[in-house]
Amino acid sequence: PIHVLIAAFRDKLCARTIHNAFSRAKNPKRIFIRIIDQTEPHSELVDDQGCWPRYCHEYNPNCEEYKSQVRAVRVDSTLSK
């Protein structure tokens, strides 16, 4: 297995990182992604949509195939240090 750890602070490019990891892997079933997703809860900005939801919406509508390989912890960005 290959483990990818991502600490994202209001990062609109995080979804693309997930997409690149799965789409470029020779064997995507070996990829496991863990995300600390620091976003502002009630923001309308693209930066605050969250990595996994944006990946599913913009890059892979069939994202359920990788759901068991991704764990995301959402943290309020105002509490981040």
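How many aromatic pairs does the structure hold?

1. The structure, which is a predicted model, holds 3 aromatic pairs. Two of these pairs, both involving Phe 22, are described in the points that follow.

2. In the pair formed by Phe 22 and Tyr 55, the ring centres are 6.2 Å apart and the planes stand at 45°, so the pair is tilted. Phe 22 and Tyr 55 are each buried.

3. Phe 22 also pairs with Tyr 66: here the ring centres are 3.9 Å apart and the planes lie at 0°, so the pair is stacked. This pair, too, links distant parts of the chain, with Phe 22 in helix α1 and Tyr 66 in the loop between α2 and β3, 44 residues apart. Tyr 66 is buried, as is Phe 22.

4. Taken together, the ring pairs join Phe 22, Trp 52, Tyr 55 and Tyr 66 into a cluster.

5. Two members of that cluster, Trp 52 and Tyr 55, are among the buried residues of helix α2. This helix spans residues 51-59, and its buried residues also include Cys 51, Arg 54 and Cys 56.

6. Against which elements do the buried residues of α2 pack? They pack against helix α1 (14-24) and against the strands β1 (2-9), β2 (31-39) and β3 (70-76).

Note on methods. Residues numbered from 1 in each chain as written. Predicted model: local features only at pLDDT ≥ 70, side-chain atom pairs only at ≥ 80, totals over all residues. Heavy atoms only, no water. Buried < 20%, exposed > 50% of the residue type's maximum accessible area, 1.4 Å probe, protein only. Helix = DSSP H or I, 4+ residues; strand = E, 2+ residues; numbered from the N terminus. Contact = heavy atoms within 4.5 Å. Phe/Tyr/Trp six-rings, centres within 6.5 Å; stacked < 30°, edge-to-face > 60°.
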